[in-house]
Amino acid sequence: MCVMKDENRFDLAVIGGGPGGYLAAERAAAAGLRTVLFEKRSLGGTCLNEGCIPTKSFLYSAKLYSGALHGEGFGVHADALGINHPEVLARKNKVVAALVSGVAMKMQSGKIQVIAATATLKNRLEDGFAIEADEIKYYAKNVIIASGSEAIIPQIPGVKEGINSGRVVTSREMLDIKSIPEKLTIIGGGVIGLEMADYFNTAGAEVTVIEMLDKIAGPFDAEISGILQKELSRRGIRFMLGKRVTQITVENVVFESGDGEETTPADIVLLSIGRRPVTEGLGLETLGIEMDRGAIITDDHMRTNVMGIYAVGDVNSKLMLAHTAYREAEVAVENILGKNDVMSYEAVPSVLYTYPEAASVGETEQTAKEKGVRFEVKKLPMAYSGRYLAETENGRGICKLLINEKEQVIGAQLIGNYASEIILSACVMIESGLSLETFKKVVFPHPTVGEIIRETMFV
Ligand SMILES: Cc1cc2nc3c(=O)[nH]c(=O)nc-3n(C[C@H](O)[C@H](O)[C@H](O)COP(=O)(O)OP(=O)(O)OC[C@H]3O[C@@H](n4cnc5c(N)ncnc54)[C@H](O)[C@@H]3O)c2cc1C
């Protein structure tokens, strides 16, 4: 039987302790709301435990190793180099543990009650909602759903058997794998597939990426994807584009294209064809919360169709990125506090932390054309930056800015190291809507790779 006590009454209940959930709880508590947060697995969610942070920890080891391995061009010689995967894994676990405990400390210092259990929305009450977790009832005036997403498991013959045997995995298992497979086949050439391909290739696996589209890196600018594919191919990653996987056998992955059926051997098969919102068991049907293709529908205030219930992060499927979840969480909390904050998706960057890095924000040439927007492209090789040239051997990086008729930046795409950091300046340009003339007056530090943005403005 469920019981509800007075201490279980809150201003806000947050379901999910990932970036969307923990930031919402933090902001709400700081503003004085009595807040409870439910997390069924681990604080930090996908991002800290099995997403952004673990992959970047792996990739930094790969970057250090590659740098030393190819150091001759820079006058650096090293003998007996190697990647020790168990040590890379141990370091990743240490970084994750430190960040997760940091989130726990923030919850504690904000006096946020954290309930380590699965939460289910029950019924609407006079002034709020009832939520159940571990057979205890909680009451909250407002609810933020931040239940995140999970890897899509394709219905391909052999997948189920492969998962049961441990040979077919998702990114979750791949980030905890104890040894480097000899032959790794990755199904899906999007951001997650490519970052995994980069690390495991550098660490010694023979990597094949099978992608259904005719380009890698999903919505990234076609020219940037092409350069990245060449760079990764040069380092030994094999790409099979325009191919559809039809079966996974005990030894092979079977795929087809217009030319017929082909196979590639694989010790481990990584499924990375996308992610879908986690909504099962949340009790959304009970309250009549509207969904579209499995995602909770939200407006630009992060409101669902049920007043008092908000949804942020991957569960609304708008842009499945941690930084989107952070900002959406802030918008939801501000609106709960009675302020009119609005979510804007125009200047949300996407980053690929491969070697070389790539980053994109706003329109690409392809999307601008589709929308009928008139624009001019300003483009320069990254080698126009002195620091890029000093630090990169044979780099083929480029920087592209898309400018509209009002002389505003509407898109930026970069490939080359530090792109992940440099893209921020383009985000500010797009979000502010200020003219190119204004940004031409900004002084950039020298020498930085970021100066490429300044150089490109003057093309
Ligand atoms: C391999 C990989 C690499 C990635 N790299 C990047 C990157 O570099 N940059 C980037 O921006 N994004 C990256 N992402 C995406 C990023 O991890 C997500 O966009 C982000 O974690 C979404 O945050 P969220 O709060 O919406 O959900 P999540 O982080 O998924 O958190 C949701 C939480 O809710 C909990 N939960 C679900 N249902 C319930 C319930 N009923 N009761 C209680 N708890 C519940 C879950 O256990 C989970 O902890 C990556 C993802 C993966 C898989």
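**Figure 1. Charges over rings: Arg34 with Phe10, and Lys440 with Phe458**. Here the charged end of Arg34 sits over the ring of Phe10, 4.4 Å from the ring centre. Lys440 does likewise with Phe458, lying over the ring face at 5.2 Å from its centre. To count as sitting over a ring, NZ of Lys or CZ of Arg must be within 6 Å of the ring centre and within 35 degrees of the ring normal. A word on all the views: this is a predicted model, with local features needing pLDDT of at least 70 and side-chain atom pairs pLDDT 80 or more, while totals for chains, interfaces and linings use all residues. Residues are numbered from 1 along each chain as its sequence is written, and side-chain values use heavy atoms, leaving out hydrogens and water.

**Figure 2. Aromatic pairs, starting with Tyr22 and Tyr326**. Five aromatic pairs turn up, taking rings of Phe, Tyr and Trp (its six-membered ring) with centres within 6.5 Å; planes under 30 degrees apart are stacked, over 60 edge-to-face, and the rest tilted. Tyr22 and Tyr326 make an edge-to-face pair, at 6.2 Å centre to centre and 70° between the planes. Helices (H or I, at least four residues) and strands (E, at least two) are DSSP runs, numbered from the N terminus. Tyr22 is buried at 6% relative accessibility, whereas Tyr326, at 28%, is partly exposed. Buried means under 20% relative accessible area and exposed over 50%, with partly exposed in between (1.4 Å probe, protein chains only).

**Figure 3. Phe38 meets Tyr138 edge-to-face**. Their ring centres are 5.1 Å apart, with the planes at 80°. Phe38 belongs to strand E2 (residues 35-38) and Tyr138 to strand E6 (residues 136-145), so the pair ties together parts 100 residues apart in sequence. Both Phe38 and Tyr138 are buried.

**Figure 4. An open five-stranded sheet with parallel pairing**. The strand order runs E8-E15-E9-E10-E11, with E8 (168-169) and E11 (238-241) as the edge strands, each pairing on one side only. Strands count as paired if DSSP finds at least two bridges between them. E8 and E15 (residues 268-271) pair over two bridges, and Val168 has Val269 of E15 as its bridge partner.

**Figure 5. Hairpins joining E12, E13 and E14**. E12 (residues 244-248) and E13 (residues 252-257) run antiparallel, joined by four bridges, with Val245 partnered by Phe255. Ser257 stands opposite Gly260 in E14.
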